[in-house]
Amino acid sequence: MAQSALSLVFVYWLLNALDLTLTSWQVFTRPIVAAPIAGLVLGDFNTGIIMGAALEAIFMGISPIGGSVPADALTSSIIAVAYTVLSGSSIEAGLAIAMPIGTIMASFNGLFFSMYAGLAPYWEALAAKWDMKK
């Protein structure tokens, strides 16, 4: 179980890093991509594909417009697939927990924005000094 959890943490980190650095916005973090990869890592690719398609239908229209904070599709996809595969429960049960998990994680991720905003004076001071190494 611990090996599966660490593998999924690596998948989450990799998909999030690739999406933010290589492709900009919402390519690798979509459920249609993340869920099959999570299923493949856990050894049940078929469940990953089925859940990825169903979760993509749920999260398809969710987008951060204005001040809204959408549910976190990447985290909920990986956790829902992990729950379904590792516990042996039905796909419907995994899909049922996806949206609450995504909503909770979006709220949790919002806490980091305040932390990053608090670090703005530090980054501005480094920029004023032209300190590129830091």
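The crossing of helices α4 and α5 is right-handed, where a crossing is called right-handed if the near helix is turned clockwise from the far one by less than a right angle, and left-handed if anticlockwise. This is a predicted model, in which local features need pLDDT of at least 70 and side-chain atom pairs count only at pLDDT 80 or more, while totals for chains, interfaces and linings use all residues. Residues are numbered from 1 along each chain as its sequence is written, and side-chain values use heavy atoms, with hydrogens and water left out. Helices here are DSSP runs of H or I with at least four residues, numbered from the N terminus.

**Helix α4 itself**

- Helix α4 covers residues 73–87, and its end C-alpha atoms lie 21 Å apart, which agrees with the 21 Å that its 15 residues should span at 1.5 Å a residue, the expected span being 1.5 Å times one less than the number of residues.
- The helix is mostly covered, since 11 of the 15 residues in α4 are buried, a term that means under 20% relative accessible area, with exposed meaning over 50% and partly exposed in between (1.4 Å probe, protein chains only).
- At the N-terminal end, Asp72 caps α4 through a side-chain oxygen that lies 3.4 Å from the backbone nitrogen of Leu74.
- After α4 comes Gly88, whose phi is positive, near 75°.

**Packing of α4 against α5**

- The axes of α4 and α5 (residues 91–118) come within 8 Å and cross at roughly 145°, where axes are lines fitted to C-alpha atoms, for helices over the stretch in contact, and angles run from 0 to 180 degrees between N-to-C directions.
- On the α4 side, Thr75, Ser76, Ile79, Ala80, Tyr83 and Thr84 meet a set of α5 residues that includes Ile91, Gly94, Ile97, Ile101 and Met105, contact being defined as heavy atoms within 4.5 Å.
- This contact of α4 with α5 has nine nonpolar, five polar and no charged residues, with Ala, Val, Leu, Ile, Met, Phe, Trp, Tyr, Cys and Pro counted as nonpolar, Asp, Glu, Lys and Arg as charged, and the others, Gly among them, as polar.

**Packing of α2 against α4**

- Helix α2 (residues 31–42) and α4 have axes that come within 9 Å and cross at roughly 35°, and this crossing is right-handed.
- From α2, Pro31, Ala34, Ala35, Ala38, Gly39 and Leu42 meet residues of α4 that include Ala73, Ser77, Val81 and Val85, and the residues of this contact divide into 12 nonpolar, two polar and no charged.

**Individual residues**

- Thr75, in helix α4, counts as buried because its relative accessibility is 7%, and its side chain makes a polar contact of 2.6 Å with the side chain of Asp72, a polar contact being a pair of N or O atoms within 3.5 Å in which, within protein, one must be able to donate a hydrogen and the other to accept it, and residues adjacent in sequence count only if both atoms are side-chain atoms.
- Leaving aside neighbours within four places in sequence, Thr75 is in contact with Tyr12 and Met105.
- Ser77 counts as buried at 0% relative accessibility and, not counting residues up to four places away in sequence, touches Pro31, Ala34 and Leu55.
- Gly52, in helix α3 (residues 45–59), is buried with a relative accessible area of 0%, and, with residues up to four places away in sequence not counted, Gly52 touches Pro31, Ile32, Ala35 and Pro36.

Methods:
Helix = DSSP H or I, 4+ residues; strand = E, 2+ residues; numbered from the N terminus.
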